[in-house]
Amino acid sequence: MQNAGIAAAESTPFRHQERAHRAGLHRGRTWILLAGDLVALAVAYAATFVAASAIAPPAVTAPGWLMLTVALVAVPTWVAIFTSYHLYDNDHRRITVASFDEIGDIFHALLAGSLAFLLLAQVLRRLADWWIYSALEAALFLTGALVLLPLIRGTLRSWVFPRIMAGRRTLIVGNGDYVRLVHRKVDAHPEYGLEIVGVLSDVRDPSISAAHLGPTADIAQVVDSYDVDRVIFAAPSESQGQMVDLLRTVRRPDLRISIVPSYSEIFTSHAILDDIEGTPVVTLPEMRLGRSSRLLKRSFDVAAAGIVLALLSPLLVLIALAIRIDSSGPVVYRQPRRGRDGSTFLIAKFRTMYIGAEQQRENVLHLNEVDGPLFKIKGRDPRVTRVGSFLRRSSLDEFPQLWNVLRGDMSLVGPRPFVVYEADQITGWAGRRSAMTPGITGLWQVLGRNDIPFDEMVKLDYLYVTNWSLWWDMKILFQTIPVVLGRRGAY
């Protein structure tokens, strides 16, 4: 507790000022989101009236002063509606916020606001024969705003907040593998906005880089001394009783508390939280891998892959030319991979290595920087061409896999398509991952790609297969975009 004692000895006014400064930055999240929402709404309104004027002019017949008054009233009205749907609470209450998950609440909020303005428009039409908002305009506005709002919110959370917002000071409490797991995951995702101040555990773990601040019993003093904003309890099932006592000791209004539940390896964030006479019960989603679900997934894959291939065909031609000019050999590289139910297929990728690279693998085995049977070199692989290095970092080498999707060898979203000798080492319950067609992207892609340990990839694939839904597929696809643009875990 030496570190805690030093922190406690700091002047109280200084620590209070520091906390007030951080609190102001945290409140800034709400203001930035609010400003982004108003920009999205303004752009959606402007686009709506431009489109409406072209389709059925005139879009507006009311005088300018009235439209200005409506605009001024609209700002607090939309803020109140969005607040009532808790669209400004998630960033404080949750560790990770996916804008895609908010689409349902955003849609209902937009619908409520549009209905209110439609009602106002009808009143003005009957009283003064002024047109300010019609059903056509409401439909156009809903469509535009439903695209712009999640897009702007996602951009702010992925690119702006991590760069300008202070991290929320986070303390990890617990013992054993759970603490190591949580620390690794939080440390690997700066976009979560969590600053790990240290770890409280009864046994110091030298494999954890964060400061060891003492035993778990010192939680109350450490939370005060280090101005902790959030505590994450990560404990094995045998010490849950002790963790409950610590939680009761430290719980207070200004502290966010998160708990890593037992059996966290077998259920996902969209498991159902149930209740039995006041006792919370986690219910796993039913496994939906029937014929109708497969048909739905397959139809979505074919439609989306076909559209993307058609739109990107000029880019694919340019990439093919660049590969041909840079080095000799075929443009597309094909490699055997394990598919659904243990089958084998040839995955298609833009060639990123010189001819004969596989035969040189033994010469560069000492450069391998990932665990398990995987083989990846984070630095410069001497077998990779100049164009290939760029294609790998930008993930452009993956585009030919869309052809695998059309053929039915792959899906847009699914388990990772391991090389045959890698996949053959996955046995037991983890083999359940082969029940679904492998995907171009998946949980392993959006949560770290090649930076995730092999065992963790297998667990994520198992979770995906046993909790599949089309909505989850769409969410993963949207989450893949910032991951690819950020080039995280790509090498």
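In this predicted model, Gly36 is buried, its relative accessible area of 9% falling under the 20% cut-off. Gly36 lies in helix α2, which covers residues 12-55. Beyond its neighbours within four places in sequence, Gly36 is in contact with Ile152 and Leu156.

Two packed helices are described by the angle between their axes and the distance between the axes. For helix α3 (residues 64-84) and helix α5 (residues 103-128), the axes come within 10 Å and the crossing angle is roughly 150 degrees. Because angles over 145 degrees count as roughly antiparallel, α3 is assigned that orientation relative to α5. The crossing of α3 past α5 is right-handed. On the α3 side, the contact is formed by Leu66, Val70, Ala74, Thr77, Trp78, Ile81 and Phe82. The α5 side contributes Ala109, Leu110, Gly113, Ser114, Phe117, Leu120 and Leu124. By class, this contact contains 11 nonpolar and 3 polar residues, with no charged residues.

Helix α16 comprises 17 residues (470-486). The buried residues in α16 are Trp472, Asp473, Lys475, Ile476, Thr480, Val483 and Val484. The elements covering these buried residues include helices α10 (291-326), α11 (386-394), α14 (443-446) and α15 (454-466). Strands β10 (411-413) and β11 (439-441) are also among the covering elements.

Note on methods: Residues are numbered from 1 along each chain as its sequence is written. This is a predicted model: local features need pLDDT of at least 70, side-chain atom pairs count only at pLDDT 80 or more; totals for chains, interfaces and linings use all residues. Side-chain values use heavy atoms; hydrogens and water are left out. Helices (H or I, at least four residues) and strands (E, at least two) are DSSP runs, numbered from the N terminus. The expected span of a helix is 1.5 Å times one less than its number of residues. Buried means under 20% relative accessible area, exposed over 50%, partly exposed in between (1.4 Å probe, protein chains only). Contact means heavy atoms within 4.5 Å. Axes are lines fitted to C-alpha atoms, for helices over the stretch in contact, and angles run from 0 to 180 degrees between N-to-C directions. Angles under 35 degrees count as roughly parallel, over 145 as roughly antiparallel, 65 to 115 as roughly perpendicular and the rest as oblique. A crossing is left-handed if the near helix is turned anticlockwise from the far one by less than a right angle, and right-handed if clockwise. Ala, Val, Leu, Ile, Met, Phe, Trp, Tyr, Cys and Pro count as nonpolar, Asp, Glu, Lys and Arg as charged, and the others, Gly among them, as polar.
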